[in-house]
Structure formats: C-alpha cells, structure tokens
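Here is a short briefing to read alongside the model.

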Amino acid sequence: MKITSVDIRKVEREEDNLKAFVNVTIDDGLVIKNLRVIDGTKGLFVAMPNHKDKKTGKFKDIVHPINQEVRAMFEDTILKAYKEAE
C-alpha cells in the first residue's frame, strides 16, 4: 500500500488547534477524505475521519489504520506534506 497523493487544505484560525484538512489517495485508486492535522499538547498529529455517535455522543473513527506501521506511514507522509505546504 502506498499513498500516491496528499491534498492539504490549511486552516488559518489562531484560536483553533485544527491546522489543516487532508485528503489522501492510496495506490491511485482509493481516496480517504477529511483527515485532519491537529496541533496537540505533544505537537502535530493526524486525526482520522470520524462521526459523532447519536446514542453515546462520542466520536468514532470512520477509517483508521489497523497497525502502528500503517499509522506511522500515514502520519509521516501527511505531516511531511503539511510542512512542505507552509
């Protein structure tokens, strides 16, 4: 699996931890939309697309990596593209 495209849409709001919305294309055949770059207490990280569960009120991921290797690939690729877009 390879990320073949990263589309960064930066958010310019000083008061918000949200820094960008991201769409990624995998193997030129699958698009995942609305990942987010967040500036957290430990620095930048990538948040996966999610939705709010109507019953519990909690947010649940719609798409997420199933192991640390894939999570690291997503985060490294997306954060590199985000920094290059500055």
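Two residues are in contact here when they have heavy atoms within 4.5 Å of each other. This is a predicted model, and the chain holds one helix and six strands. Read along the sequence, those elements follow the pattern β-β-β-β-β-β-α.

**Overall shape**
- The chain is as compact as a globular protein of its length, because its radius of gyration of 13 Å is close to the 12 Å that the globule rule gives for 86 residues.
- The C-alpha trace spans about 35 × 30 × 20 Å along its principal axes.
- Taking contacts between residues at least 6 apart in sequence, 31% join residues at least 24 apart.

**Surface and charge**
- Of the 86 residues, 31% count as buried.
- The chain exposes about 6200 Å², and carbon and sulfur atoms supply 48% of that area.
- There are 16 positive and 15 negative side chains, and the centres of the two sets lie 7 Å apart.

**Asp53, in a loop**
- You will find Asp53 in the loop between β5 (50–52) and β6 (59–61).
- Is Asp53 buried or exposed? Its relative accessible area is 16%, and buried means under 20%, so Asp53 is buried.
- Beyond its neighbours within four places in sequence, Asp53 is in contact with Lys58 and Lys60.

**Asn23, in a strand**
- Asn23 sits in strand β2, which covers residues 18–26.
- With a relative accessibility of 16%, Asn23 counts as buried.
- A polar atom of the Asn23 side chain lies 3.1 Å from the backbone nitrogen of Asn34.

**Ala85, after the helix**
- Ala85 belongs to the segment after α1 (68–84).
- At 43% relative accessible area, Ala85 is partly exposed.
- Which residues does Ala85 contact, leaving aside its neighbours within four places in sequence? They are Ile8 and Lys10.
- Ala85 and Lys10 are 75 residues apart in sequence, and their C-alpha atoms are 8.5 Å apart in space.

Notes: Residues numbered from 1 in each chain as written. Predicted model: local features only at pLDDT ≥ 70, side-chain atom pairs only at ≥ 80, totals over all residues. Heavy atoms only, no water. Helix = DSSP H or I, 4+ residues; strand = E, 2+ residues; numbered from the N terminus. Rg over C-alpha atoms; globule rule 2.2 N^0.38 Å. Buried < 20%, exposed > 50% of the residue type's maximum accessible area, 1.4 Å probe, protein only. Areas by Shrake-Rupley, 256 points an atom, 1.4 Å probe, with all protein chains shown as cover. Lys, Arg positive; Asp, Glu negative; His and termini not counted. Charge placed at Lys NZ, Arg CZ, Asp CG, Glu CD. Polar contact = N/O pair within 3.5 Å; in protein donor to acceptor, adjacent residues only side chain to side chain.
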